[in-house]
Amino acid sequence: MSRVLLFTGKGGVGKTTLSAATAASLAAHGRKALVVSTDPAHSLGDALDVRLGAEPSEVDGSDGLFACQIDPRGLVDEAWGDLRGHLRTVLAGAGVDELDAEELTVLPGVEELLALAEVRRLASSGPWEVVVVDCGPTAETLRLLSLPEAFAGYLERLFPTHRRVVRGLLAGVAGTGTVEKWDATADALSRLAERLDALRSMLTDSSSCSVRLVLTPERVVAAETRRTLTALALQGIRVDSVIANRLVPSPGAARGAAASWLRTRRHEQDAVLTELTGIGEIRTVDHRASEPVGVPALLEVAEQLYGDSDPLPDVPASGVPGSLLEVSGSGRGLDARYSLRIALPLADDTELDLARVSDDLALTVDGRRRLVALPSLLRRCIVTGAEMDSGGVTVGFRPDPSLWR
């Protein structure tokens, strides 16, 4: 499968330009690259100064640079229509009102989910070494990247893997004909579940997929970037670098009102970048006098962005993040004490909530929730407390006497 590099950031920070510039640079250095837009407000074609369709095509004037803009509506009509029809038939046969059945089979986020599935298809079937993805604004991207897990959970609750229970229920309610329709629907759902598992595997494979966050050096944008880093870490998705775009040029020793404005603005931008120290590598790109449009102009942006370094270097073993969870402990039996370390980059104002849900730990960070499956050792323990720092959360456990008899 091709390497996948996802670009995202707050709306208007220049992620489309930088994703196109990265892909153009990769192609110019002999690595066949495909740049894809999943942003509903497509502007990738404008940045490249070419007309793009849903199928990849080589960009004129380039060598090895391909591009396309995914049409999620078309994917829904092609891939989801038949399954929706199966589901409506089964629900109606089980006594669900036709209108209710229609509403129940409209699943939110299916367009974005299929767009992401199309990215995986292109990465696994095309001749490209790298697929660069121009994602939508941060909030939409976070929802997009969380969809495979959330969608899989929805399907599992609505149509359990253990089909025999549901099959028997339908047989008693609606007869053999409905059971046969259920079997066809269940097969379609199984295929969809396999695609979801493949998507989750792709997104969390640190050696083949990573995110590049784009920001402008402004406090509001920087604060959102910090929250995005935490949200992505919570989902197990690697961020390989952060790009600060549109730094105003330093006026040097020049005088006058314009020079004073530039000096003040650059000082504010530098202060924001200083506050971001500790989040990893930050690359910078200057604000340009003219908008970079077309491959030659994009290559100039890439030259400043990457210099002589590889825009997408190999991932060393030490560069792959460790496990989200680490367990340590001391003592034996009922006197034992354990700690579960959840590695996440957290800001001082992060809102964190923890709750025990059966064998899972429900972790909510700034309104984003994830169920973390507890290691078997901790499932027979009760939570004694939790502490938070900039590097994550440490949760304390002790054995539950009622479960250790």
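Student: How many bridges join β2 to strand β4, and do the two run parallel or antiparallel?

Tutor: Strands of a sheet pair through backbone hydrogen bonds, either parallel or antiparallel. Two strands count as paired if DSSP finds at least two bridges between them. Helices (H or I, at least four residues) and strands (E, at least two) are DSSP runs numbered from the N terminus. Here β2 and strand β4 (residues 65–69) run parallel and are joined by 5 bridges; S37 has Q69 as its bridge partner in β4. The model is predicted: local features need pLDDT of at least 70, side-chain atom pairs count only at pLDDT 80 or more, and totals for chains, interfaces and linings use all residues. Residues are numbered from 1 along each chain as its sequence is written, and side-chain values use heavy atoms, with hydrogens and water left out.

Student: In which sense do β2 and strand β5 pair?

Tutor: β2 and β5 (residues 130–137) pair in the parallel sense, over 5 bridges. The bridge partner of V35 in β5 is V132.

Student: How many residues of β2 are buried?

Tutor: Buried means under 20% relative accessible area, exposed over 50%, and partly exposed in between (1.4 Å probe, protein chains only). In β2, 5 of its 5 residues are buried. Both faces are covered, with A33, V35 and S37 on one side and L34 and V36 on the other.

Student: Where does H29 lie, and is H29 buried or exposed?

Tutor: H29 sits in the loop between α1 (15–28) and β2 (33–37). H29 is exposed because its relative accessible area is 61%. A polar contact is a pair of N or O atoms within 3.5 Å; within protein, one must be able to donate a hydrogen and the other to accept it, and residues adjacent in sequence count only if both atoms are side-chain atoms. The side chain of H29 reaches the backbone oxygen of S25 at 2.8 Å.

Student: What is the strand order in the open sheet of 4 strands?

Tutor: The order is β9-β10-β15-β14, with antiparallel pairing. β9 (325–330) and β14 (381–389) are the edge strands, each pairing on one side only. Within this sheet, β10 (residues 337–343) and β15 (residues 392–399) pair over 6 bridges, and R341 has T394 as its bridge partner in β15.
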